[in-house]
Amino acid sequence: MGRLSGKVALVTGGAVGIGAACVVRMIESGAQVAIVDLHDDIGRKLAAQLGDNARYFHADVSAEAEVAAAIAGTVAAFGRLDVLVNNAGIAGANKPTHELTEAEWDRVQAVNVKGVFFCTKHAIAPLRAAGGGSIINLSSIYGLVGAPDLPPYHASKGAVRLMSKTDALIYAADRIRVNSIHPGFIWTPLVEQHLAAMGGDAQQHRREVGALHPLGHMGEPDDIAWGVVYLASDESKFMTGSELVIDGGYTCR
Ligand code: NAD
C-alpha cells in the first residue's frame, strides 16, 4: 500500500517544474493524478509516460469555466477528488512598484490569487463528497518575508498564505484540510527565466542565489514534492492552516 493509495489528486501547473515533480511522486505513492496546465504538449506527454494513473486536462486557472471543466473531467475520469494542489503560478513583471502597469499587476493576481480561488471553489463539492480531503497551496518564502523585487508576485504569495488559513477555518468541519507550502529558490523553468532576465552569467546567478540559503544551494523540485505527498497523505491528518517551510534555512535569519 502506497502512502496515497486510493486517493485522487489534481495538480495545477503540473506539466513542468515543481508541479511535475508533485505529479510523479504522488503517482509513485499510489495516487491517481490529473495534470492541469496550459502547456498541452508537455502535459500530455508527461501523462502518457506515467500511464493510466495520470490524465491531462487543459485549463487556464484564471478562467473559471476552464477550471470547472477540468475538475469535472477529473471526477469523471477517476470517480472522486481527494487532493487539490494549487501550484500554477507566474513570476510576472519585475519592476519597482511605481513603474508597474495595472495590467502587469492584474495578470499576476489573476493567476496566483484568483486561480487558487477558482480551483478551491470548484473543488469543494467533490472534496465534500469524498468525505474530506487536502488542499495544498504553493505560496513562497516571499509569502513570509519581503524582498526588494517582484512586487505583484510577493503580494500574491502573501495572499495565498492567508487564503489557506481562512479556508482551513471555513472547511475544517468538512474535514477538508488546507495548508500552504513556502519554498525557497527551487531550480525550475520559472527561476531559470527569472535569473536569465537579469542578464550576465546564469550559472553565477544560480550560485549566488543558492548561497542565500544557509544550506548553500537552491532546492530541487523533489524537495517540495515530498512535502506535498506528506500534506496529501493521512500522515498529516492533524495539520490544517499550517505553513510548511522548505527553504534550506532561508527564512531563519
Ligand atoms: P514553473 O514556471 O516552472 O511551472 C509553472 C507551471 O504552471 C507551468 O507548467 C505553467 O505552464 C503552469 N501555469 C502557469 N500559468 C498557468 C495558468 N494560468 N493556468 C494553468 N497553468 C499555468 O514554476 P515553478 O517554479 O515550478 O513554480 C510552481 C509554484 O511554486 C508557483 O506557484 C511558484 O510561485 C511557486 N514557487 C516556486 C519557487 C521556485 O523557486 N521555483 C519558489 C517559491 C514558490
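## Second largest pocket

By class, the residues lining the second largest pocket divide into seven charged, six nonpolar and five polar. This is a predicted model. The lining comprises 18 residues, and those nearest the pocket centre are Gly-132, Gly-133, Arg-175, Arg-177 and Asp-234. The space in this pocket amounts to about 310 Å³.

Two strands contribute to the lining: strand S5 (133–138) and strand S6 (176–183) each provide at least two residues.

## Ligand shell

The ligand is surrounded by 29 residues. Asp-37, Asn-87, Tyr-153, Ile-186 and Thr-188 are the closest of these. Sorted by class, the shell holds 16 nonpolar residues, nine polar residues and four charged residues.

Four helices each give at least two residues to the shell around the ligand: helix H1 (17–28), helix H4 (102–129), helix H5 (151–171) and helix H6 (189–196). H6 accounts for the largest share, with three residues. In terms of domains, at least three shell residues come from domain 1 (8–184 + 220–246), and at least three come from domain 2 (188–218).

For Asp-37, an N or O atom of the side chain is 2.6 Å from an oxygen atom of the ligand. For Asp-60, the distance from a side-chain N or O atom to a nitrogen atom of the ligand is 2.9 Å. Val-61 takes part through its backbone, where an N or O atom lies 3.0 Å from a ligand nitrogen atom.

On its own, the ligand has 830 Å² of accessible area, and the protein covers 94% of that area.

Terms used: Residues are numbered from 1 along each chain as its sequence is written. This is a predicted model: local features need pLDDT of at least 70, side-chain atom pairs count only at pLDDT 80 or more; totals for chains, interfaces and linings use all residues. Side-chain values use heavy atoms; hydrogens and water are left out. A residue is near a molecule or strand if one of its heavy atoms lies within 4 Å of it. A polar contact is a pair of N or O atoms within 3.5 Å; within protein, one must be able to donate a hydrogen and the other to accept it, and residues adjacent in sequence count only if both atoms are side-chain atoms. Accessible areas come from the Shrake-Rupley method with a 1.4 Å probe; for residues, only the protein chains shown count as cover. Ala, Val, Leu, Ile, Met, Phe, Trp, Tyr, Cys and Pro count as nonpolar, Asp, Glu, Lys and Arg as charged, and the others, Gly among them, as polar. Domain bounds come from an automatic or database domain assignment. On a 1 Å grid over the protein atoms alone, a cavity is a set of points where a 1.4 Å probe fits but cannot get out, and a pocket is an open set with protein on both sides within 12 Å along at least five of seven lines; lining residues have an atom within 4 Å of a point. Grid points are joined across faces, edges and corners, and a volume is the space filled by probe spheres set on the points.
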